Amino acid sequence: MTAMNQPFLSASGLEKTFTLHAQGGQQLAVMRGLDLRLAPGECLVLSGRSGIGKSTLLKMVNGNYRISGGSLTLHFNARGEDDGRLELAGLPAQAWHVLRRDVIGYVSQFLRVVPRVSTREVVMEPLLARGCEAHEARQRAEQLLARLNLPQRLWELAPGTFSGGEQQRVNIARGFIAEHPLLLLDEPTASLDAANRDVVVSLIEEAKARGTAMLGIFHDQDVRDRVADRLLPLEQYMGTASEETP
Ligand SMILES: Nc1ncnc2c1ncn2[C@@H]1O[C@H](COP(=O)(O)OP(=O)(O)OP(=O)(O)O)[C@@H](O)[C@H]1O
């Protein structure tokens, strides 16, 4: 087996149960027994009906949701960078901070806006956090914003008042700028027009070519067909909470 066939991310028997503290500690079993292998340069697309647990899985991989059971593992040796496996269940907060800076990028559906921070700075920030020179980060940010057709007059403004599609493009630029080896994509094209969807497809293809492993959710069938190397249907891994819903 070549290094490219080794997974960069794997899950085995992964489980997620939410405890609803506001509702008397009621347990909501969303996922059980999920297995996956994601290789460098591969885009695996999560499929399944609304509420099946697609975003939940991305949030577990990003460390936003605690892992309830099973294992979720990064394999650094698959990229020839380091010899080792890193188990993500139970990692301390500081380790997640470093992982999100250097390893795991996340394009969420909605931009989390910090007031008074300009669009250009929002996009530059992941590179600056890694110690990249400001002029280089600025150049990369501007290239991406231009590619995503965000008008230059908006670059100096904080994106809080931008339209949904404009905010999504800022989010995409911020997510792709740091070229993390693992990228999580939660409906990155949901609010975009056809021309900008094409730009995102190109960004994904380029990321694949440099060996980025991607786990994504794409409701747009056309985009999904263009970017997916494989689909992972989540129905087979649903917990009892989903079985109760028609
Ligand atoms: N923080 C949370 N607390 C409690 N339950 C949650 C939480 N986050 C998600 N859930 C529940 O987990 C289930 C899966 O939700 P999730 O958002 O992962 O679904 P999805 O497949 O991404 O849906 P959609 O396609 O509609 O976005 C849902 O029943 C949801 O109510």
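Q: Two strands pair if DSSP finds at least two bridges between them; over how many bridges do strand β1 and strand β4 pair?
A: This is a predicted model, in which local features need pLDDT of at least 70, side-chain atom pairs count only at pLDDT 80 or more, and totals for chains, interfaces and linings use all residues. Residues are numbered from 1 along each chain as its sequence is written. Helices (H or I, at least four residues) and strands (E, at least two) are DSSP runs, numbered from the N terminus. Strand β1 covers residues 9-20 and strand β4 residues 69-75, and they pair in the antiparallel sense over 5 bridges.

Q: Which residue of β4 is the bridge partner of Ser-12?
A: Let's zoom in on the β1-β4 pairing, whose sense is antiparallel. Across it, the bridge partner of Ser-12 in β4 is Ser-71.

Q: Which are the edge strands of the open sheet of 4 strands?
A: The order in this open sheet is β2-β1-β4-β5, with antiparallel pairing. An edge strand here pairs on one side only, and that applies to β2 (26-38) and β5 (85-87).

Q: What is the strand order of the open sheet of 5 strands, and which strands are at its edges?
A: Pairing in this open sheet is parallel, and the order is β6-β7-β8-β3-β9. The strands that each pair on one side only are β6 and β9 (230-233).

Q: Which residue of β8 is the bridge partner of Leu-182?
A: β7 pairs with strand β8 (residues 213-217) in the parallel sense, over 5 bridges. Within β8, the bridge partner of Leu-182 is Ala-213.

Q: Is Val-61 buried or exposed?
A: Helix α1 is where Val-61 is found. A residue is buried if 20 or more other C-beta atoms, placed from the backbone, lie within 10 Å of its own, exposed if 12 or fewer, and partly exposed in between. Because Val-61 has 24 C-beta neighbours inside 10 Å, this residue counts as buried.

Q: Which residues is Val-61 in contact with, leaving aside its neighbours within four places in sequence?
A: Contact between two residues means that their C-beta atoms, placed from the backbone, lie within 7 Å. Leu-46, 15 residues away from Val-61 in sequence, lies 13 Å from it in space, C-alpha to C-alpha. With neighbours within four places in sequence set aside, the contacts of Val-61 are Leu-9, Leu-72, Ile-104, Leu-184 and Leu-215.

Q: Which elements do the buried residues of α5 pack against?
A: Helix α5 is mostly covered, with 12 of its 14 residues buried. Among the buried ones are Val-170, Ile-172, Ala-173, Phe-176 and Ile-177, along with Arg-169 and Arg-174. Together, the buried residues of this helix pack against β6 (104-107), α3 (119-128), α4 (134-147), β7 (182-186) and α6 (194-209).

Q: What is the phi of Glu-179 near?
A: Glu-179 follows α5. Its phi is positive, near 50°.

Q: Which of the 12 residues around the ligand come nearest?
A: A residue is near a molecule or strand if its C-beta atom, placed from the backbone, lies within 6 Å of it. Of the 12 residues around the ligand, those that come nearest are Phe-18, Ser-50, Lys-54, Ser-55 and Thr-56.

Q: Which element gives the largest share of the shell around the ligand?
A: Two or more residues of this shell come from each of β1, β2 and α1. The largest share is 3 residues, and the element that gives them is α1.

Key. Pairing = 2+ DSSP bridges.
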